[in-house]
Amino acid sequence: MTDKPVLYSYFRSSCTWRVRIALALKGIDYETVPVNLIKDGGQQFSKEFQTLNPMKQVPALKIDGITIGQSLAIIEYLEETRPTPRLLPQDPQKKAIVRMISDLIASGIQPLQNLSVLKQVGEGKQLPWAQEAITSGFNALEQILRSTAGKYCVGDEVSMADLCLVPQVANAERFKVDLSHYPTICQINKALLALEAFQVSHPSRQPDTPAELRA
């Protein structure tokens with residue numbers, strides 16, 4: 001358990017940002033190995049990285065002698081092995097709602113506007129495609145959050161759902177989605193971005209952030 005965890009990360013990857021927030025909230029010191037998803041045709045396709053994560057995606061976290069891919073699986077592992085502060089409520093119903101919101105974003109929105117999908121969609125169609133994917137998901141999410149939110153996605157405690165929300169709002173902004181229709185999403189996002197763990201993990205503050213995008 002003495003080795004520092006190693007996070008294979010790309011500064012702009014929203015899935016990796018979720019994990020960086022969890023690591024920051026739980027006060028886990030870790031090392032970053034940048035994997036540039038654009039350079040050299042995508043470093044995630046290298047033989048070395050494929051051995052680490054056959055899905056050829058970031059994040060991957062080396063921790064406690066194992067390597068875990070998939071952001072929600074990583075967060076759940078951190079939650080079970082390093083339970084403080086809690087990112088999943090103890091109450092089974094609230095926990096189900098946190099997982100539902102996390103899955104809605106991680107399975108229902110983000111993959112549809114991911115780099116690999118946009119490549120298939122083709123030039124010229126990428127922006128409207130991404131906007132449609134995010135808008136359709138945010139319409140559902142806004143409706144759900146109206147009944148589950150307190151200060152954050154589920155009540156007044158930061159949960160795994162919030163770790164998924166903030167990076168997805170950043171994606172929405174990058175794809176120029178009109179967020180004025182989503183007051184609840186925006187309000188929660190603003191409250192979360194005021195927290196230190198969400199700031200230190202921000203794409204503009206990573207070791208591999210290009211100079212022109214640095215905060």
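Buried means under 20% relative accessible area, exposed over 50% and partly exposed in between, with a 1.4 Å probe and protein chains only. This is a predicted model, in which local features need pLDDT of at least 70, side-chain atom pairs count only at pLDDT 80 or more, and totals for chains, interfaces and linings use all residues. Residues are numbered from 1 along each chain as its sequence is written, and side-chain values use heavy atoms, without hydrogens and water.

View 1. The C-alpha atoms fill a box of roughly 45 × 45 × 30 Å along the principal axes. Of the 215 residues, 46% are buried.

**View 2. Helix H1 covers residues 14–25.** Its 12 residues reach 17 Å from first C-alpha to last, close to the expected 16 Å. That expectation is 1.5 Å times one less than the number of residues. Gly27 follows H1, with a positive phi near 65°.

**View 3. H1 is largely enclosed by the rest of the structure, because 10 of its 12 residues are buried.** Among them are Trp17, Val19, Ile21 and Leu23. Arg18 and Arg20 are buried too.

Notes:
Helix = DSSP H or I, 4+ residues; strand = E, 2+ residues; numbered from the N terminus.
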